[in-house]
Amino acid sequence: MTTTFPDISINTDRLVLRALEAADAPALAEMMNDEMVAAWTAVPQPFTEAAAHRWITDDAPTERTAGRGLDLAVTEFLTQRLVGIVQLGTTDWRVRSTEMSYIVAPWARGEGYAAEAALATAQWLFKDQGFERIELRTAADNTASQQVAQKIGCISEGVLRGACIARTRTEDGEWADLRTDFILWGLLPEDLDGVADQMAEAGYSSFTDWS
């Protein structure tokens, strides 16, 4: 039984999802230093280009080859500009389940890129990799992330009380930890029925291919 994700490229009409590359480091560091990313993730702040290089050359390859997860750069098809990241983690190969998360650069928000990339990844996982379940966890107040989960067909399965550490700015401009809840979402293969068509009607890509 396969227990490692392949080195994959996933294409939609507007996006290419691929492995992180060394040239992505400056854009990756800039994206990780965004206020919204800092508030809703555990990414160290400030996030340096050196940290981005370690992520690209060490952390991401190690996660993939160990079978724990997969980090995909999300780039615009026409410009090749880095618009975000899709991550898979805490993968259970026996259950054929993995946890998905996504980050979008501030300049690229509002274009439907997160939903398009997440849907394409889910389609690949279910159709090509034989997965049976994808989980997402969104902080209780992170409505943008919750809207993406709903767009791709995820079902809210409950609240994990006090399970999330978010961050908030203090009066002196520093970051402080803030405990909150996680909303747990589940996505099964049958939940994708009709989702691609609905997104296409809304003006977003419904075509997905991988190699």
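The model is predicted. The largest pocket has a volume of about 1300 Å³. Two residues, Arg-18 and Thr-57, are then taken in turn: Arg-18 is buried, whereas Thr-57 is exposed.

- Strands of a sheet pair through backbone hydrogen bonds, and the pairing is either parallel or antiparallel.
- β7 and β8 (residues 175-187) run antiparallel, and 11 bridges join them.
- Within this pairing, Leu-160 has Phe-182 of β8 as its bridge partner.

**The helix on the sheet**

**The largest pocket**

- The lining of the largest pocket is made of 50 residues.
- Of these, Trp-40, Thr-41, Ser-101, Tyr-102 and Ile-103 lie nearest the pocket's centre.
- Helices that give two or more residues to the lining are α2 (35-40), α3 (49-65), α4 and α5 (143-151).
- Strands β4, β5, β6 and β7 also give two or more residues each.

**Arg-18**

- Arg-18 sits in strand β2.
- Its relative accessible area is 13%, under the 20% cut-off, so Arg-18 counts as buried.
- The side chains of Arg-18 and Asp-24 make a polar contact at 2.9 Å.
- Leaving out residues up to four places away in sequence, Arg-18 touches Ile-8, Asp-24, Asp-71, Leu-72, Ala-73 and Thr-75.

**Thr-57**

- Thr-57 is part of helix α3.
- With a relative accessible area of 55%, over the 50% cut-off, Thr-57 counts as exposed.
- The side chain of Thr-57 reaches the backbone oxygen of His-53 at 2.7 Å.
- From Thr-57 to Phe-131, the separation is 74 residues in sequence and 27 Å in space, C-alpha to C-alpha.

Note on methods: Residues numbered from 1 in each chain as written. Predicted model: local features only at pLDDT ≥ 70, side-chain atom pairs only at ≥ 80, totals over all residues. Heavy atoms only, no water. Pairing = 2+ DSSP bridges. Helix = DSSP H or I, 4+ residues; strand = E, 2+ residues; numbered from the N terminus. Buried < 20%, exposed > 50% of the residue type's maximum accessible area, 1.4 Å probe, protein only. Polar contact = N/O pair within 3.5 Å; in protein donor to acceptor, adjacent residues only side chain to side chain. Contact = heavy atoms within 4.5 Å. 1 Å grid on protein atoms, 1.4 Å probe; cavity = no way out; pocket = protein on both sides within 12 Å on 5 of 7 lines; lining within 4 Å. Points joined across faces, edges and corners; volume = space filled by probe spheres on them.
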